[in-house]
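Please find below a note on the model under review, arranged as numbered points. The points proceed from the overall division of the chains to individual sites.

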Amino acid sequence: MRLTIRDTKDQVGNYIGDYIAKRINSFTPTPAHPNIVLGLPTGSSPLPVYKRLVELYKDGKVSFKDVITFNMDEYVGIPRDHSESYHTFMFSNFFSLIDIDPKNTHILNGNAEDLYKECEGYEAAIKAVGGIDLFLGGIGADGHIAFNEPGSSLTSRTRIKTLAYETILDNCRFFNNDLSLVPRMALTVGVQTVMDAKEVVLVVTGQNKSLALSQMIEGGVNHMVTASALQTHPWALVVCDEDATLELRVKTVKYFKSIEKVQDEVEAKYGPVASVRLGLSRATAA
Amino acid sequence: MTDVVRFTNGYLALPDGTAAKADLYISPSTGLIISGQSSFYSTTSLPARTIDLRGNLLCPGLIDVQINGAFGIDFSELDLTAPGDEGERKYVEGLEHVAKRLAEFGTTSFVPTIITQKEELYAKLLRLLRPRSPPDSAHILGYHAEGPFLHPLRRGAHSSTLLMTASSNPPINTFDKVYGKEGLDQEGVKIITLAPDVEGVMGCVEELVQRGVTVSIGHSDATLEQAEEAMKRGARMITHLFNAMPPIHHRDPGVIGLLGAPDHRPYYGIIADGYHSHPNTVRIAYKACKEGCVLVSDAQTIMDPSLPDGVHPWRDGIKFRKEGLKVLVDGTNTLAGSAAPLAPQVHNLSKFANIPIPEALLGATLRPAQLLGGEIARRKGQLTEGYDADLCVMDWQGKVLSTWVGGKEVWKDQSFVE
């Protein structure tokens, strides 16, 4: 795992936005895998990332015409057009602002007649396009990834989840502060679905995520902090702001900062391809 | 593939009088404003056409509830001497000509207004003024009959010999006789401007309202108490506030006094051309009762903003002189009639009352729709999903750049390149 630290959350957004755009632009289609496939999150952490990607699109530096997306999760039982649905989030913050083909976007349908079938179909659809190339994610204050709340199996796949009480309380502010209106269930990709992606990028910003960040990086792999599963992923990148590092040990922060420096030096000497050849961009340095 | 049109990169004039940077989606096939999000996820196709508003304002199409004519056409003139139905054919042709040209000025719906007529003309005229939507033109919503139950002291330009009272028993019989039962009960918008202080008229207000008529107080010498009584019985509006009614007196405010009512205030039509009411007067009215302010053109045959300034022939050897939106009888300082479409009036109201353009727009969009109520209020006057895609693109100086009716672009200024 690699950890990249930036000063502010906007800088984090810019870094990841540029990173994803680079991946899209350097993608080489093959007959078996003709489109780059992204996994996408919702929430406040990834907003600066979407903002950056929209800017890049408007400047003509990236196009989403051939990009396929799969979202991580969606609530069960609220209308698709509800202001808090993840369909609405994705449309207003990203899809309506870029040139993506609606046919290439996938979001779990929380109103499906048969929710089990919906989840199985989702896994099949991911497989059908050749798997996810880059899964962007955030983490919850309790270290969850997607709606894989503490205690979720680290080999889980797309399924129905009951939301943790903490998450329900946290969401209350989006539903008129009325606990009874907050959805209690969601459909979510599993930890294993994320782990199957070729590359995983996590955006972690804010002081309230600092404990979760230290647990997922400095603690062991643990189902109470589902994001910690990424420790075993061959190509995982965490980008955080200074606020999110507050609970990390100084040693940890310094170590990861030094890795970035080494990579910069290698790239300066051998060019950007060099780090690929050396396996550095695959984050094996850590 | 859908035919969805998306407006982007501009501001939407919202029903709360603000503007927001957002996209609007319409479906030309249904003629309605739709949810872009639903369309995105349900049809899984991109909009067929995207219009770059370039920072301009996208607003609901303007609604004019009082317009007597324009572009040389007078809605009160029906030639009965012509052979066969030639007169009616010409009348409809003129009506549709105005409907087409009004779209150039952002007006997408209007209510043709007829001044006091010979009794026998009403039945014929009202029948011709049933709702219709000619192609690529503003909608004709119905009729506005100004008169003949008006007060002689406040008749303005209406012919004194044609004014009437409702002295029959019951008085409503006179209304049925004048407008015709069919005319009173026909579909669409029916506005009647009447003076509740004329004999028998007050007693008819309730029944008229029940039969779907929007009752407006005008050309009236009523006291405040009489006007309040008419409101209680269902009147909703005052016709061209300040004109053809007693000026406000601090001890006896008359019809205008309704604006100061503690509750249940009326809508009022006002001509914000800067000439028919002084800008300060407009501001006083607006600040006293903004929730009732409805802009009306009260336009006459001479309204044609595309005419160059100067002297033009009018009728019977009289000429009129046009100076911008002001039109005078040539050689005098007498106003020849109103000649300002709604769009420049929106800009005027914004200046006179010192309010933002999106707020001034409500006087020509949301409020006239709510005044008319019913189907119109449910379909027109706001940029809301499910409402008619009658739209107008306006720059921030009030100049109309493009007009859409029923989801179709019916007019575009040459300067407006998407």
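Into which domains is chain B divided?

1. Basis of the note. This is a predicted model, in which local features need pLDDT of at least 70, side-chain atom pairs count only at pLDDT 80 or more, and totals for chains, interfaces and linings use all residues. Residues are numbered from 1 along each chain as its sequence is written, while chains are lettered from A and ligands numbered from 1 in the order in which they are written.

2. Domains of chain B. The division is into domain 1 (5-59 + 385-412) and domain 2 (62-379), with bounds that come from an automatic or database domain assignment. Taken over C-alpha atoms, the centres of domain 1 of chain B and domain 2 of chain B are separated by 29 Å. Their contact takes 21 residues from domain 1 of chain B and 23 residues from domain 2 of chain B; two residues are in contact if their C-beta atoms, placed from the backbone, lie within 7 Å. On the domain 1 side, the elements giving two or more residues are β7 (57-60), β22 (391-394), β23 (400-405) and β24 (408-412) of chain B. Helices (H or I, at least four residues) and strands (E, at least two) are DSSP runs, numbered from the N terminus. The largest share of that side, 3 residues, comes from β23(B).

3. Chain A is divided into domain 1 (2-248) and domain 2 (258-286), whose C-alpha centres lie 26 Å apart. An unreviewed UniProt entry annotates residues 8-231 of chain A as "domain: Glucosamine/galactosamine-6-phosphate isomerase"; UniProt positions are given in the numbering used here, feature names are shortened, and annotations may be inferred rather than shown by experiment. Over residues 8-231 of chain A, the chain is 32% helix and 14% strand. Between the chains, 10 residues of chain A are in contact with 10 residues of chain B. The chain A side of this contact divides into 3 nonpolar, 3 polar and 4 charged residues.

4. The unreviewed UniProt entry places the feature "binding site" at Glu146(B), His219(B) and His240(B). Although spread over 95 residues of sequence, they cluster in space, with a largest C-alpha distance of 10.9 Å. Glu146(B) is placed in strand β13 (residues 142-146) of chain B and counts as buried because it has 28 C-beta neighbours inside 10 Å. A residue is buried if 20 or more other C-beta atoms lie within 10 Å of its own, exposed if 12 or fewer, and partly exposed in between, with C-beta atoms placed from the backbone. His240(B), in the loop between β16 (237-238) and β17 of chain B, is also buried, with 23 C-beta neighbours inside 10 Å.

5. In the unreviewed UniProt entry, the annotation "active site" covers Asp298(B). Asp298(B) is found in the loop between β18 (293-295) and β19 of chain B, and its 25 C-beta neighbours inside 10 Å are why it counts as buried. Not counting residues up to four places away in sequence, Asp298(B) touches Gln66(B), Asn68(B), His240(B), Ile271(B) and Ser338(B). One of these, His240(B), is also among the residues annotated as "binding site".

6. Helix α7(B). Which residues of helix α7 (residues 224-232) of chain B are buried? They are Ala227(B), Ala230(B) and Met231(B). These residues cover an arc of only 100 degrees around the axis, which puts them on the same side of α7(B); the arc is that of the directions from the helix axis to the C-beta atoms. The face turned away from the buried side of α7(B) carries the exposed residues Glu225(B) and Lys232(B). Among the elements covering the buried residues are α6 (205-210) and β15 (214-217) of chain B.

7. Asp395(B) lies in the loop between β22 and β23 of chain B. Asp395(B) is partly exposed, with 18 other C-beta atoms within 10 Å. Asp395(B) and Leu53(B) are 342 residues apart in sequence, yet 9.4 Å apart in space, C-alpha to C-alpha.

Methods. Ala, Val, Leu, Ile, Met, Phe, Trp, Tyr, Cys and Pro count as nonpolar, Asp, Glu, Lys and Arg as charged, and the others, Gly among them, as polar.
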